[in-house]
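Subject: Structure handover

Hello,

Here is the structure we spoke about, passed on to you for your own work. My notes on it come after the display.

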Amino acid sequence: MIICNSLAELDSALESRRRASESIGFVPTMGNLHQGHLSLVNLAREHCGFVVVSVFVNPMQFGPDEDYERYPRTFEADAQALEKQGADILFVPREEEVYPNGFQDQTRVCAPAFLTEVLEGQSRPGHFDGVTTIVMKLFQLVRPDVAVFGQKDFQQLKIIQRMVTDLNMPIEILPAQIAREHDGLALSSRNQYLNTAQRAVAPVLQRVLKSVEVALRAGERAFDPLCLEAEKRLLSAGFEEVDYLKICDPETLRPSQEADRRFVILAVARLGTTRLLDNICLEVS
């Protein structure tokens with residue numbers, strides 16, 4: 001595995017691959033990798049002959065109350081895991097190269113507000129502008145044929161898909177299914193912050209979403225009462241707060257309508273200071 005710390009090193013490492021028209025797969029990350037991230041590398045490998053993984057903790061997507069400096073940097077462990085997984089290039093750019101004029105005055109890429117200002121965007125204003133801007137930059141630098149994004153961050157996935165379509169980018173976005181622990185908890189770097197008692201409660205989130213899925217498949221269409229009851233179940237189980245639990249159209253993220261046949265159930269709930277995200281997509285006949 002080649003480790004590139006500069007744009008020049010990345011260009012040099014990719015030059016022969018581009019000349020040979022070899023397909024390039026790309027997995028952008030912020031590091032602190034777990035098995036879920038590594039499954040994205042596997043998916044990229046299934047579709048491409050050459051796989052690039054980036055690790056960059058992007059300051060632009062952190063809000064004023066989110067501690068950018070304390071985000072875990074685990075480069076040595078990440079590099080070892082990626083090499084074992086068979087990544088071809090690990091791209092770890094320096095902030096001054098990614099944002100040569102500083103990120104505060106950076107030209108920004110903004111997806112439509114109906115996708116970015118709801119759900120996560122409602123509590124984290126400007127977050128998705130930071131995401132789309134850095135992803136666009138990385139796409140410009142790597143120029144992949146395929147990029148892989150996890151379905152756990154469902155809203156982010158939809159926003160990136162929309163950006164690529166709107167800007168006519170010749171990149172295929174591959175969604176990766178949510179990787180889970182044996183008890184159903186979605187794999188996340190945030191899980192490491194759960195204490196023993198919280199970790200025992202955490203799998204309830206998926207079980208509650210599954211119960212909502214069962215109700216939708218059975219024909220229930222009273223969406224608000226269904227979500228309210230699900231929130232009550234989470235709070236009764238030990239979650240301190242439910243940031244949101246919504247049933248939405250999986251393409252527009254607008255609230256679902258009675259005649260809809262495709263749904264995404266999205267939830268964020270807190271255990272202590274840890275925000276756990278999960279979702280379930282379904283289609284009914």
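This is a predicted model: local features need pLDDT of at least 70, side-chain atom pairs count only at pLDDT 80 or more; totals for chains, interfaces and linings use all residues.

Cavity

The search of the whole structure turned up one cavity of 30 Å³ or more. The space in this largest cavity comes to about 60 Å³. Its lining is made up of Lys152, Leu185, Ala186, Ser188, Asn191, Leu205, Arg275, Leu276, Leu277 and Asp278. Sorted by class, five of the lining residues are nonpolar, two are polar and three are charged. Strand β9, which spans residues 274–283, gives the most to this lining, with four residues.

Gln206

Helix α10 runs over residues 204–217 and includes Gln206. Is Gln206 buried or exposed? Gln206 has a relative accessible area of 14%, and because the cut-off for buried is under 20%, Gln206 counts as buried. Apart from neighbours within four places in sequence, the residues in contact with Gln206 are Arg180, Asp183, Gly184, Asp278 and Ile280. One of these contacts, Asp278, is also among the residues that line the largest cavity.

Aromatic residues

How many aromatic pairs does a search of the whole structure find? The count is seven. One of them joins Phe62 and Tyr68 in an edge-to-face arrangement, with 5.4 Å centre to centre and 75 degrees between the planes. Phe62 also pairs with Tyr71, again edge-to-face, at 6.0 Å centre to centre and with 85 degrees between the planes. Phe62 itself has a relative accessible area of 19%; the limit for buried is under 20%, so Phe62 is classed as buried. Elsewhere, Phe26, Phe139 and Phe149 make up one aromatic cluster.

Charges over rings

Tyr68, already mentioned as a partner of Phe62, has the charged end of Arg73 over its ring, 4.8 Å from the ring centre. A second case involves Arg254, whose charged end sits over the ring of Phe114 at 4.3 Å from the centre.

Regards

Note on methods. Residues are numbered from 1 along each chain as its sequence is written. Side-chain values use heavy atoms; hydrogens and water are left out. On a 1 Å grid over the protein atoms alone, a cavity is a set of points where a 1.4 Å probe fits but cannot get out, and a pocket is an open set with protein on both sides within 12 Å along at least five of seven lines; lining residues have an atom within 4 Å of a point. Grid points are joined across faces, edges and corners, and a volume is the space filled by probe spheres set on the points. Helices (H or I, at least four residues) and strands (E, at least two) are DSSP runs, numbered from the N terminus. Ala, Val, Leu, Ile, Met, Phe, Trp, Tyr, Cys and Pro count as nonpolar, Asp, Glu, Lys and Arg as charged, and the others, Gly among them, as polar. Rings of Phe, Tyr and Trp (its six-membered ring) pair if their centres lie within 6.5 Å; planes under 30 degrees apart count as stacked, over 60 as edge-to-face and the rest as tilted. Buried means under 20% relative accessible area, exposed over 50%, partly exposed in between (1.4 Å probe, protein chains only). A charge sits over a ring if NZ of Lys or CZ of Arg is within 6 Å of the ring centre and within 35 degrees of the ring normal. Contact means heavy atoms within 4.5 Å.
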